[in-house]
Each structure stands twice: as structure tokens, then as C-alpha cells.
Amino acid sequence: MAIIIDETKNVIVQGITGREGQARTQLMLGYGTSVVAGCTPGKAGQEVLGVPVFDTVADAQQHSRHVHGRDVDISVVLVPARFVKNAAIEAIEAGVKMLVLVPDRVPVWDAMEIAACAEKHQARFVGPNTLGVISPGRAVVGMIGGRAESAKAWFKPGRVGVISRSGGMSSSTAYYLGKAGIGTSTICHIGGDSVLGLRIPDVALMFEQDEQTDAIVLFGEIGGSMEEDLAELMRAGRVTKPVVAYIGGKAAKEGTRFSHAGAIIEGGKGTHAGKVKALSEAGAVVVESFGDLPEATGRVLAGQS
Amino acid sequence: MARLHEYQGKELLREAGFQTPRGGVADTPGGARAIAERLGGRVVVKIQAWTTGRKAMGGVRFADDPDQAGHIAAELLAMKVGNFPVEQVLIEECIDIQDELFVSLSINERERRPMLLLAATGGSGIEDRAEQVQPIACPLDTGPREEEVRSFLASTPIDAALHEKLCSSICSVFAVARRHEARSVEINPLVTTPDGRVVAADCRMTIDDYAVFRHSELGIEIARELDHPPTQLERIAYKVEQADHRGTFYFAQLNTEPPAGSRGLVGFHGAGGGGSMMSMDAIVAEGFTIANFTDTSGNPSAGKVYRAARIILSQPGLCGYFGSGSGVASQEQFWSAYGLAKAFWELNLSIPAVIRLGGNSEDRAVDILEGACADLPAIVEGYRKDDSPREIARRFGELVDASREAGVEAWKPRRARMPEYVGPGRSYEINGGRVWINPAMDSASATRAAELSNGLLRVQGETLVPAVDAEEFAKRDSELIGCEVECRRGGLDAVFVELDIEGLE
């Protein structure tokens, strides 16, 4: 099964003719993702790597129905940050139910407008500021791995779901798990911003429902309340699969933002200590050093069988 | 900085129809005195600083006459709040207060929309009285529902005649936040007066960093949250980031002196937000203190990484340079290697550097970095994705210890070296700089250099000229930096890429 993305999903790329659009389309096609169309206003009739380009998502949707027999499942948005809002709303209104918003620096009020529109249309989105989602051996959306051959070499298929607040660290986490012989079902980078479509608890609930996921590995960070919310779901018995977590930013100081918009401790909230405590008390295994994640995950999986 | 001072926030409130106390802002005692004189009567003098609990720290004081206001302002302007020297004071008329309310709007990441928080008791310490706070959701299309605000007001002892005015003010907070794309607006307190007015007595507002580009009216210099006023290096770094959209560059200065017991001050260069933070934790766990937090990621140009390294190495007292990110980067890592190698050569690096370049093209990246730095006084080591941050942090410690034993001194910022033909030679413009061609080159050298230029330079007689048009040439700065580094590795002094960093030196 995996979550969010697999080889059966019809994917479109908004901004496919741009530098990023072309590079990421190449990765997705090379990895086995079914990219059925791309959109760039004014570029209808062109092709990018054999993928037909349309002016609007509605046209791409038509194409998907006629040629691929089904709706578009996922749109990957690769337009400059200031245009993400309109692109996302266009896709949602055209009936796309899952978006992957890759760009960094999307204004937070734009993200909230996208969220409101998605809620109205029962659509969901990953990001903004996400590297994307990959189900190893099956398909990828976004840019995890950078190149198809790297993604194939780095990530091993398996039964652990990875959730990460950091793009690079979602790759790292899965790579080191794979090196220790632990494969992954899906790796989801939720994005580095404060207002996100899918938050840690949302993805954890998806993994909970996924028959091919036995355990969840989390790369968390200081700031916000997502880790605490996951702990709450665990205490309430809504997430029962084992959770192994590392929380970054122990050495961070309050009041300074550490790269990610979401990674800031304010008013004594969102601290490293508070997150470690909440997750530990809810039954998660929280490792002190990032390098200890694979071994701890191995122990948790061994304890299950 | 995307945080606004009280007086700036109040200006935005007034534009939206709020009443605020009459007053003015001053940066000298004389200016404060003049404002007090104009206002007449008893005034309040308040430090303009990003902090809570200003009253408790003596930052809010009352004056009965202009002279006293001047004296108080002199004292307040000598204060320091955390890392922020107080640079301005706000002088306002004293108002008679009947009721006080706490009104705050913030973005609720859980609900993905703004949330108003209201409480019937204003004043300091509201953060610790969470149970008395009434949350009201603000749907983006409608803002807060007036019925909910009215029902909150009905639960307070405030005179019902004022409810309509208060309700409209509270709802306006949403409008102000939306118009200026604030991440938070806090009015603590919003007050009523015996003569039936509603007045915003304080205001704290933070604008979304990512939206500052469309709010030039706010005059925000550095859209970045820091716990201190932006330093000179942070200003320089911010300009570098703004000038080059390829990849992100984040730079914050943290410590200028290692605390007692620290193993030393480290120039820290991360890659990727999470990976940088994890690597920062790893180097701090080894007993080091980081001088700065830097992150170049998202497929940055070689020039951006070069400028980051030059800015990091403008900090004195460093015992070493530590670079590490996620370690399994999607971006092609050799561009970063070229940028670092160029900066280290120009500065003739003398302190040890440990750089983890794991990810795509990591073998090539490590080969470039170590090869290009082989002749430097410093030991420069590159690492790959299979080398963990903990291991390389330990290795960094070993190298720092060894270099100290060998008598290597702490880093002193120095002028970058450049070949003699920079200036008199021939140059061609590129983004943010220019490429200089060594005039004293034989045709064999020129031919070899052209081969290392990715088709960007061609031989003409005994010199090199751009092989593509000027516009295309200007965009290929990363490749040209690569060409310079590769030539140097091949023992060839053919080209030099001069990259401007506004304000550095």
C-alpha cells in the first residue's frame, strides 16, 4: 500500500517547463512515477520529457480522464513561492485531492488560504517547503533523492514509515535505516514551515492505517506542537504502532529561528525537553543522538515479532 | 527584523481606526522632553524593546513634568534588554483606565488559521493565566464571528454600552493582521476610559518573514527573527541572500566568546535546516561553542556557498571550521565544494576544517575539496554520507587539539588574496562579480584552461575570451568558479573569479 504515493497514482507537475519543474520531472519519471501531464500557462502543446503540457489544471484533468481513464491523483507544485497560492487553489478547484507544495518561503497567509480552500474541497496537501514523498521501489513526488539513480540506491523498500520535519534529514533517516537493513514503506517530508497541510499527527494516522507499515520513525524539531500532538494521539490509543523519534535543536536557543520557519522556541513553548518528555511519556522511544535511530528502530521491530 | 516596535504597531492600528494615546517616539532625552512638553500633564515613558514584562524591569515609568520625562528617558535609553540596547522611548499621555482587556491574534498551526485570544484581565503575566483566556477561531474569509466576541464581552463586568465599540475594535485586529500579513498582533491591554473611549494602550506585532517582500511600506530591514539586533555580518549576509535566489542562505551570529569550559569557538556551516540543527547539536555535544549558525541549502550556487564561507571566516577567534548537513543531500554537492575550496584558498586557511559533503556526487565533491586545499596550511578533510555527524564531530575535535599542540593560533580575519592580474588584466562581467584572465599565459596554458571551462572560454591568440554571449556568460558563475578551482588544482594560474560581497572587509 504505502501512503500518499505509489506507482498507480496519476501525477501532474505545475510549473513543469521551469528549471525546477524539468529537473524534478526527470527524477519522478526515472523513478517510476506516473507523470501524466504538466501545466504552465501559455505553454500548452509543448512536451517536457515526453509529458504533455497544458495551460490549466482543468485541461490536464481532462487529459488524465481521457487518456489515463482516471482523475489526476496528485499535483506537484513547482512554481515560485509567490505564485504557489494561485497554483494550489487552481488545482484544488479542478478536483485534485492531494497536492505537494515544494517551494520554500510561501507566505503564511497564503498557506492558510490554501488550507481553507483544501478543507472546503476535502483536499489535502503536503508542505509548503517540502522535499516531497517517496515510497521506495514504487514512486516519488517532489525531489527526494535528487536523481532517480540516487533515490534507487539510497532508499530500501520495507515496513517502517518515516516522518520528517527536515528535507535532508528525511533522506538521511531512511538512508541510515536502510544501511542497518531496515527498509521503509513511505518517507514523508512534511515541510519546514509553521502552517502545513499534513502535520506529523496526520501522517502518523495514515501510517497507522497502512497495512504495510509496522513502525514509525520521526525526525522532529524544536518549535510548534506537532510532536506533542502525536504524543496525545498515542496516549489516546489512536496511534498504536511503535514510534521511534529524534528531536533536533537541543542546542538551539530561544527567540532565534533556526532556518525552518517552524523551528523557533517562543514563550518557553516548543522546547526540545518538552517534546522529548511528551513523546517518551506516551511510549515512544526517543533517542538522544541521531546516529542511534537505526539501532533503536531495529530493537523496536525485533520486540514486535 | 520582522518584529515591529510598539510605536510602529500603533501606527498600523491607527490606520485601521483604532484610538491610541497621544504621544511620540524619541531617541534622545531632549526629544523626549519636547514631546512631554507638547503633550502636557503627566506622561508615561516606555522603552521600545522586544520583550515582555517591561514594567517589571523598570522599562515603563511615569513623569509629572517635561524635565522629569527627559531624565527618565536618559536612564531608559542607557538600558539594555537582553542583547538589545534600548534605542528609542515612546512618550505618551497618561489615560484614565476603567477596564483592561487582553487581545491577541496569532496563527494556530494546529487549526491552520488565525486565532484570537481574549481575556478580561490585561497586564503583565497573562501568559501564566491560560485558563482565563477565551480562544476565538478566525475563518479566513469572514474573520472572527461577532456573536462570539459579544458573548465573551457579556461574560465580563464591562459596561454593556461599550460592548459595540469593543467588539468592532477586537474584530479590527484580524483585519490589521491580514492587511499586513502579521504572524501575531497583541494588544495588552486594550482599555476603556471613564469617558467611554476604547484605546489600544500597547501593541506588539510580528510580520511574516516570507511576506515582507510585498510590504515595503513597513521598512523592515532584515526579515529574520533573532534574539539580538542584526549585527554587521548579519546585514551583509542578508544582502547576499537577497541578491542570489539560487538556494537559501541563512546566517545568524550566536557567540563571540567561548564560555568557560568550552573547547573553542567554531565557524559552523550547515546544509539543510534539519541537518544543520542536528549537526549543531553534534558539535555542541563534543564540547564546542558555535560562533554562528549558517545554512546553505536548496541547491545553492557555488558563489553563495563561497560568500557564506567568507562571512563565517570574518569572525575572529575560531579554532576550526565545521561543515555538516543532512549528509544525504539531494543537491549536487560539488558546487558547494568549489565554493568552499575557493574561499579557503583566498584566505589561506590555517585552522582545521572538517566538511561533510554527503549526498549526490559526494565522491567528486570530496575530491575537489581535499585536492584544492592540499597546499593550504590548514588540514581540510571532506566526508561522505556514510560518515556520521558524531564521528566527524569527534574527528574535528582531534584535529583542533592537534593543531593547538602544533601552535596554530585562533583564527584572525584577514584580507583575501588574489592574483596580481586582478585590476590590470582583462575581465568579463558575471553575476555579482567578474572573471579576470591572466595576461601572462602561453597558448598551451590557455588551451588547457579552456578545456576546464565547460565550453565557457575559448582560446584567442594567447589569451582566453568568453565562448558564449555576455548574458549567458554572466549566468554561469558557478561553472566559472569551478573552472578557477580546477585550473589551480592542475597547477595553472589562468583565471580568477572576483565575487563582490557588499560591506565585507
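## Chain B at a glance

Chain B has an accessible surface of about 20,100 Å², and 47% of that belongs to carbon and sulfur atoms (areas come from the Shrake-Rupley method with a 1.4 Å probe; for residues, only the protein chains shown count as cover). This is a predicted model, where local features need pLDDT of at least 70 and side-chain atom pairs count only at pLDDT 80 or more, while totals for chains, interfaces and linings use all residues. Residues are numbered from 1 along each chain as its sequence is written, chains are lettered from A in the order in which they are written, and side-chain values use heavy atoms, with hydrogens and water left out.

Along the principal axes, the C-alpha atoms of chain B fill a box of roughly 90 × 50 × 45 Å.

## How the chain is built

Chain B holds 14 helices and 27 strands. These are DSSP runs, numbered from the N terminus: H or I for helices, at least four residues, and E for strands, at least two. Take the contacts in chain B between residues at least 6 apart in sequence: 69% of them join residues at least 24 apart (contact means heavy atoms within 4.5 Å).

## A look at G31(B)

G31(B) sits in helix α2, residues 29–39 of chain B. G31(B) counts as partly exposed because its relative accessibility is 24%. The C-alpha atoms of G31(B) and A73(B) are separated by 9.0 Å, and the two residues are 42 apart along the chain.

## Where chain B meets chain A

Here 53 residues of chain B are in contact with 65 residues of chain A. Between them the chains bury about 5,000 Å², 52% of it on carbon and sulfur atoms; buried area is the accessible area (1.4 Å probe) that two parts lose on being put together, summed over both. E109(B), R112(B) and Y210(B) supply 18% of the area that chain B buries against chain A, more than any other three residues.

The rule finds 9 salt bridges across this interface, each a side-chain nitrogen of Lys or Arg within 4 Å of a carboxyl oxygen of Asp or Glu. In a salt bridge between R112(B) and D202(A), the side chains meet at 2.9 Å, N to O.

Terms used
Buried means under 20% relative accessible area, exposed over 50%, partly exposed in between (1.4 Å probe, protein chains only).
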